[in-house]
Amino acid sequence: MSENRAQRAVLERLFALQDTKYRAFQSKLMPTVAPETVIGVRTPLLRNLAKELAGTAEAADFLRVLPHAYYEENNLHAFLVEKIRDYDAALAETERFLPYIDNWATCDCFSPKVFAKHKDELLMPVRRWLLSEKLYTVRYAIGMLMRHYLDADFRPEYLAWVADVQSEEYYLNMMRAWYFATALAKQPDDTLPYLTERRLDVWTHNKAIQKAVESYRIPPELKQHLREMRIRA
């Protein structure tokens with residue numbers, strides 16, 4: 001099957017799964033995505049389709065087609081890459097795809113399973129992604145640090161990597177805040193100085209505190225301490 005035919009065939013299947021009410025709901029959550037590029041397919045159905053297509057010639061042809069026109073095509077692309085079992089192949093496809101991610105939802109739902117088994121090797125590309133000029137590539141890198149490196153594989157310097165990211169972009173600083181709020185729950189001793197010593201920009205500092213205070217994983221006494229550290233304009 002040619003790449004164009006594969007793309008058309010996949011689009012037909014996506015439109016067959018369309019839910020127009022869900023499309024309207026999803027579009028409101030993604031103001032940076034043009035509504036006409038959203039078909040309206042629920043994520044479990046996209047994942048089922050990826051499971052069905054994975055490993056087929058149709059999937060291989062579809063993965064070669066970039067950029068895609070629709071939000072759901074990008075998510076399906078991500079879910080197909082997630083199913084690649086070889087680390088080097090999954091990394092290559094991830095790096096090929098990252099520049100085309102244009103919204104927080106696609107960015108945050110995408111995590112190849114094989115990465116969890118290759119955390120040492122993954123650190124080098126994560127460090128490279130953090131230095132990217134692409135907003136969602138940097139957000140993705142922080143997401144990988146949050147997903148894979150806040151537990152047994154944590155090292156304090158990873159906090160500095162995220163703190164050193166400088167941006168005025170809302171969707172990037174929101175991820176930085178989310179990262180530090182999660183780090184407060186998992187690695188409080190190393191994370192707290194970033195707030196007590198005001199090492200973050202004011203917006204990210206306050207947003208990290210807000211998200212931490214809202215978290216059920218933060219103990220009440222730490223929440224009260226965090227409330228006292230809010231920076232008021």
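Modeller: Before we start, contact here means heavy atoms within 4.5 Å. And keep in mind that this is a predicted model.

Biologist: Fine by me. Leaving aside its neighbours within four places in sequence, which residues is Tyr-179 in contact with?

Modeller: With that cut-off of 4.5 Å between heavy atoms, we skip the residues within four places of Tyr-179 in sequence. What remains is Ile-142, Leu-145, Met-146, Leu-150, Tyr-158, Leu-159 and Val-162.

Biologist: Now the largest nonpolar core. Which of its 71 residues touch the most other members?

Modeller: Tyr-179 turns up again here, as one of the residues touching the most other members. α11 gives this core its largest share, 9 residues.

Biologist: What span should α11 have at 1.5 Å a residue, and how far apart are its end C-alpha atoms?

Modeller: The expected span is 1.5 Å times one less than the number of residues, and α11 has 17 residues. The end C-alpha atoms agree with that expectation, so both values are 24 Å.

Biologist: Let's do rings. How many aromatic pairs are there by the count?

Modeller: Two rings pair if their centres lie within 6.5 Å. By that rule the count of aromatic pairs is 12.

Biologist: Take Tyr-87 and Phe-115. Is that pair stacked, tilted or edge-to-face?

Modeller: The centres of Tyr-87 and Phe-115 are 5.9 Å apart, and the planes make 65°. The pair links distant parts of the chain, with Tyr-87 in helix α6 and Phe-115 in the loop between α7 and α8, 28 residues apart. Tyr-87 is buried at 8% relative accessibility, and Phe-115 is buried at 0%. Planes over 60 degrees apart count as edge-to-face, so the pair of Tyr-87 and Phe-115 is edge-to-face.

Biologist: And what about the rings of Phe-180 and Tyr-194: stacked, edge-to-face or tilted?

Modeller: Their centres are 5.4 Å apart and their planes are at 45°, which makes the pair tilted. This pair too links distant parts of the chain, Phe-180 in helix α11 and Tyr-194 in helix α12, 14 residues apart. Phe-180 and Tyr-194 are both buried. To answer you in a word, the pair is tilted.

Biologist: Which residue lies over the face of Trp-161?

Modeller: An arginine again, at 4.5 Å from the ring centre of Trp-161. That residue is Arg-127.

Biologist: Cysteines next. How many disulfides does the count come to?

Modeller: Two cysteine sulfur atoms need to be within 2.5 Å. Cys-107 is buried, with a relative accessible area of 3%. The closest cysteine sulfur to that of Cys-107 is in Cys-109, at 8.6 Å, too far for a bond. The count of disulfides is 0.

Biologist: Last one: is Arg-198 buried or exposed?

Modeller: Arg-198 sits in the loop between α12 and α13. It has a positive phi of about 55°, although it is not a glycine. With a relative accessible area of 52%, Arg-198 is exposed.

Terms used. Residues are numbered from 1 along each chain as its sequence is written. This is a predicted model: local features need pLDDT of at least 70, side-chain atom pairs count only at pLDDT 80 or more; totals for chains, interfaces and linings use all residues. Side-chain values use heavy atoms; hydrogens and water are left out. Rings of Phe, Tyr and Trp (its six-membered ring) pair if their centres lie within 6.5 Å; planes under 30 degrees apart count as stacked, over 60 as edge-to-face and the rest as tilted. Helices (H or I, at least four residues) and strands (E, at least two) are DSSP runs, numbered from the N terminus. Buried means under 20% relative accessible area, exposed over 50%, partly exposed in between (1.4 Å probe, protein chains only). A charge sits over a ring if NZ of Lys or CZ of Arg is within 6 Å of the ring centre and within 35 degrees of the ring normal. A nonpolar core is a set of buried Ala, Val, Leu, Ile, Met, Phe, Trp, Tyr and Cys residues joined through side-chain atoms within 4.5 Å.
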